[in-house]
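Here is a friendly walk through a structure, in questions and answers. Have a look at it first, and then we can go through it together.

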Amino acid sequence: MSSSPVIIRGTKDGLLVILGEGPWDEILHELMDRLDRTASFFKGARVNLELGEREINEDQLRQVQDLLVSHDIHPSSISANAETTKVAAQGLHLPIADPSRPDGETLRIDRESRRGTLIRRTLRSGQAIQHPGHVVVIGDVNAGAEITAGADVVVFGRLRGVVHAGATGDDDAIVCALDLSPTQLRIGNYIARPPDEHSRGTNKAEIARILDGQIVLERWK
Amino acid sequence: MTTRVVTITSGKGGVGKTTTTANLAASLAQAGKRVVAIDADIGLRNLDVVLGLENRIVYDIVDVVEGRCRLRQALIRDKRLPDLNLLPAAQTRDKSAVRPDQMIHLVEQLYNDFDFVLIDSPAGIEQGFRNAIAPAKEILIVTTPEVSAVRDADRIIGLIEAEGKGPGRLILNRIKPDLVKRGDMLDTHDVLDILAIELIGIVPEDESIVVSTNKGVPIVMNGATPAGVAYRNIARRLLGEEVPFQVLKTTHPGLLDRLFRFARGQG
């Protein structure tokens with residue numbers, strides 16, 4: 001007999017329920033069966049539901065949720081790779097957990113798939129933006145403002161504040177602005193301040209990146 | 001008739017908030033508007049001195065908030081300008097004596113009986129500032145053409161925007177045309193470039209301000225001094241008049257053009 005499509009496992013964060021391959025009805029049936037046999041054991045537990053690549057719509061997800069809740073088990077988060085499933089989870093207001101990743105292994109950053117945030121106003125002195133992905137500003141970043149981004153920073157305006165791109169240690173991150181005159185510029189583990197003659201607006205779009213161990217600016221074409 | 005509640009603030013100290021409040025209040029009263037000027041700088045009150053009303057204080061804003069008197073008893077009417085009233089700050093207390101909700105309640109009691117309530121904010125971004133902007137419907141930001149003052153004004157504009165009270169309008173105070181001409185001072189264009197908000201007035205550096213402040217007579221009551229004219233123009237712009245910006249003496253060519261361009265562009 002092949003291994004069960006439903007795996008229930010205890011972790012330090014609570015229960016992990018993994019729904020594997022196979023026809024949906026069979027999975028549901030199997031889950032119900034397992035819960036009926038062992039529910040008292042899992043009662044009141046918080047559950048992370050791992051759905052892998054499987055595409056599940058909102059109704060199907062609600063079936064699973066109802067099933068768990070009827071056994072007094074409460075799904076606290078969803079792990080899913082399929083976009084449909086994520087949308088379904090959002091529809092049911094279930095938080096989506098980060099897909100579990102092996103510890104100790106350097107995470108390969110997939111730049112294209114990083115999420116970004118768009119800020120459509122001027123960032124003024126004392127205002128700080130922190131975002132794990134890209135940050136795009138349509139407006140100025142005034143002196144005294146700070147942007148910390150996990151990936152790239154693009155400013156359609158004047159950049160006069162402090163920017164840290166690739167703040168989680170990504171030395172491939174870039175910073176560009178229509179007028180790149182930051183108080184201080186940080187990319188990954190590098191830090192630079194513009195030469196003094198650069199401190200007034202250049203009115204040239206420029207891009208900053210790390211090249212041979214230092215931050216360099218070049219025309220943004 | 002709705003009452004316009006205007007807070008004058010700056011972030012940095014010493015840029016001319018109190019002088020501006022006093023002169024705008026006096027100008028508006030001269031124009032026949034019923035005005036209350038509120039000094040929100042509790043513990044460091046000055047507006048009464050600048051308006052020359054210090055010796056008439058009996059009750060202050062803290063007395064009103066703590067119920068020791070009625071609001072009307074604390075208002076000091078200026079004998080020179082009967083439409084001008086002052087609600088003085090307390091000198092023996094500090095900013096924590098009043099809360100933002102109490103300020104809102106207090107200003108609401110002035111609705112309908114007055115055309116303008118001008119609130120003189122203390123420097124800083126702490127509770128005194130919060131108290132001053134809580135009841136505001138309009139905000140004027142005063143700055144001088146110095147990097148530190150402009151930086152603080154930028155911070156203040158950010159805080160005001162976060163409160164949902166709009167970016168406010170800018171008064172550029174103490175411009176020295178000679179220094180600007182030599183390129184040793186930020187000019188109007190530089191400041192507006194950074195702050196990107198609407199300009200409502202430019203006030204030139206004027207020695208007669210010192211004299212008028214020491215005498216307790218707002219400069220707008222004192223003939224045609226450059227600063228007095230500038231403050232009157234701001235008051236007229238507040239009232240919705242289109243007043244062209246003054247030609248400051250010894251301006252270098254192009255300043256005025258750029259200034260107009262900005263005034264229009266940001267307006």
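Q: What pLDDT does chain A average in this predicted model?
A: pLDDT is the predictor's confidence in each residue, from 0 to 100. In chain A, 86% of the residues score at least 70. The average pLDDT of chain A is 81.

Q: Over which residues of chain A is the pLDDT below 50?
A: Where pLDDT is low, the predicted coordinates should not be read in detail. The stretch in question has five contacts (heavy atoms within 4.5 Å) in the model beyond near neighbours in sequence. The pLDDT is below 50 over residues 99-109 of chain A.

Q: How are residues and chains labelled, and which pLDDT do side-chain atom pairs need?
A: Residues are numbered from 1 along each chain as its sequence is written, chains are lettered from A and ligands numbered from 1 in the order written, and side-chain values use heavy atoms, leaving out hydrogens and water. As this is a predicted model, totals for chains, interfaces and linings use all residues, local features need pLDDT of at least 70, and side-chain atom pairs count only at pLDDT 80 or more.

Q: What is the area buried between chain B and chain A?
A: Twelve residues of chain B are in contact with eleven residues of chain A. Buried area is the accessible area (1.4 Å probe) that two parts lose on being put together, summed over both. Carbon and sulfur atoms give 32% of this area. The total is about 930 Å².

Q: Which residue of chain A meets B:Asp193 in a salt bridge?
A: A salt bridge here is a side-chain nitrogen of Lys or Arg within 4 Å of a carboxyl oxygen of Asp or Glu. Across the interface of chain B and chain A, the rule finds three salt bridges. In one that includes B:Asp193, the N to O distance is 3.2 Å, and the partner is A:Arg158.

Q: How many residues apart in sequence are the parts that B:Lys95 and B:Asp41 tie together?
A: The closest N and O atoms of the B:Lys95 and B:Asp41 salt bridge are 2.8 Å apart. B:Lys95 lies in the loop between strand S4 and helix H5 of chain B, and B:Asp41 in the loop between strand S2 and helix H2, so the pair ties together parts whose separation in sequence is 54 residues. Helices (H or I, at least four residues) and strands (E, at least two) are DSSP runs, numbered from the N terminus. The value asked for is 54 residues.
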